[in-house]
Amino acid sequence: MATPTEIQARADAIQWFHSIPLGDGVVTKGLAEKALPESCFPDVSGKSVLDIGAWDGYYSFMAERLGAGRQVALDHYAWGVDFVARGAYWNKCAAEGVLPDQSLDLTDFWQPDLPGRRGFELASEVLGSAVTPLVTDFATTDIEALGTFDVVFYLGVLYHMKEPLTCLERLRAVTGEVAVIETEAVHLQHLEHESLAQFYAGGDLNADFGNWYVPNETGLHAMCRAAGFTSVKTVLGPPLPGPMQPESLPTRLGRKIGKIPRRDHLSAPSVRYRAVVHAFP
Ligand SMILES: C[S@@+](CC[C@H](N)C(=O)[O-])C[C@H]1O[C@@H](n2cnc3c(N)ncnc32)[C@H](O)[C@@H]1O
């Protein structure tokens, strides 16, 4: 029986995306920002759950802890792509002002031994989990063979999709009761009722060449309905209007030397945030 210190040491030897409590004070050191609270999720007890883009499996294990039934954690990209080699290539492309060839992800940067799944595997072992991992690309996998699940998580995936509407249609096809969709979103003041999505190309969003579309709340609801969901409920919406955030030191310095124009917070704010909606078939 391994001690907590031994388990922590095994965890620390892995690069994690999620911070997962493994019991006895052991927590994995993930890079991701704070996880969504349980209140963002429907009741999963006794439900079958599919977690698309599961990565280290934080939300799969959360659902299992909350009493979910049959569970599948689906991913491929983060489990197989060599992020260090790809990062160096992307930096070179950015420096040269050219777009990267993203097909290299599945050739030159693909590691068939799936080192990116080690976190999921260790967490699964320590937690004694029965969640089944499935390596496949949800954008192209055979969804009839995948079948339907009562609850489907689609968290942090939509803005990575080049064809978001097609992917939402596929999501609709595998959803029995409710899909939980979390995505990068934008709030554009005075345009709240317009159905909009920003398009990012060339690594403009968080220097990630794999980020494409960022909808506003109305646009996200419209896309879900266009994909066949009959109703959509916002669970996490745009931040409430509040006082202007203090500017960072580089911004203040930039303004001092005249390089950064002052933004009129009240007339033209554009605020990005993470939206969560529940979409019902
Ligand atoms: C930003 S991470 C989000 C991870 C996790 N769902 C969360 O919200 O914390 C995006 C995840 O989606 C996965 N992903 C991206 N495209 C995918 C696809 N076409 N099929 C399956 N997984 C995909 C990535 O590999 C990665 O694990």
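Me: Hi! How many helices and strands does the chain have?
Reply: The chain has nine helices and eleven strands. Those are DSSP runs, numbered from the N terminus: H or I over at least four residues for helices, E over at least two for strands.

Me: And what kind of model is this?
Reply: This is a predicted model, where local features need pLDDT of at least 70, side-chain atom pairs count only at pLDDT 80 or more, and totals for chains, interfaces and linings use all residues. Residues are numbered from 1 along each chain as its sequence is written.

Me: What pLDDT does the chain average?
Reply: The average is 91, and 90% of the residues score at least 70. pLDDT is the predictor's confidence in each residue, from 0 to 100.

Me: Where does pLDDT stay under 50?
Reply: Over residues 263-268, and there the model has two contacts beyond four places in sequence. Two residues are in contact if their C-beta atoms, placed from the backbone, lie within 7 Å.

Me: Switching topic: which residues are closest to the ligand?
Reply: G53, Y77, A78, L155 and G156 are the closest, out of 16 residues that surround the ligand.

Me: Now the inside. What share of the 281 residues is buried?
Reply: 32% of them count as buried. Buried means that 20 or more other C-beta atoms lie within 10 Å of the residue's own, exposed means 12 or fewer, and partly exposed is in between, with C-beta atoms placed from the backbone.

Me: Why is α2 called largely enclosed?
Reply: Because seven of its eight residues are buried, α2 is largely enclosed by the rest of the structure. The buried ones are Y58, Y59, S60, F61, M62, A63 and E64.

Me: What do they pack against?
Reply: The buried residues of α2 pack against β3 (49-52), β4, α5 and β6 (149-155). Just after α2, G67 takes a positive phi of about 95°.

Me: You mentioned α5. Which of its residues are buried?
Reply: In α5, residues 118-127, they are G119, F120, L122, A123, S124 and V126. Their cover includes α1 (4-12), β1 (21-23), α2, β4 and β5 (132-135).

Me: Last one: what is V180 in contact with?
Reply: Leaving aside neighbours within four places in sequence, V180 is in contact with F41, V151, F153, Y154, L155, V276 and H278.

Terms used:
A residue is near a molecule or strand if its C-beta atom, placed from the backbone, lies within 6 Å of it.
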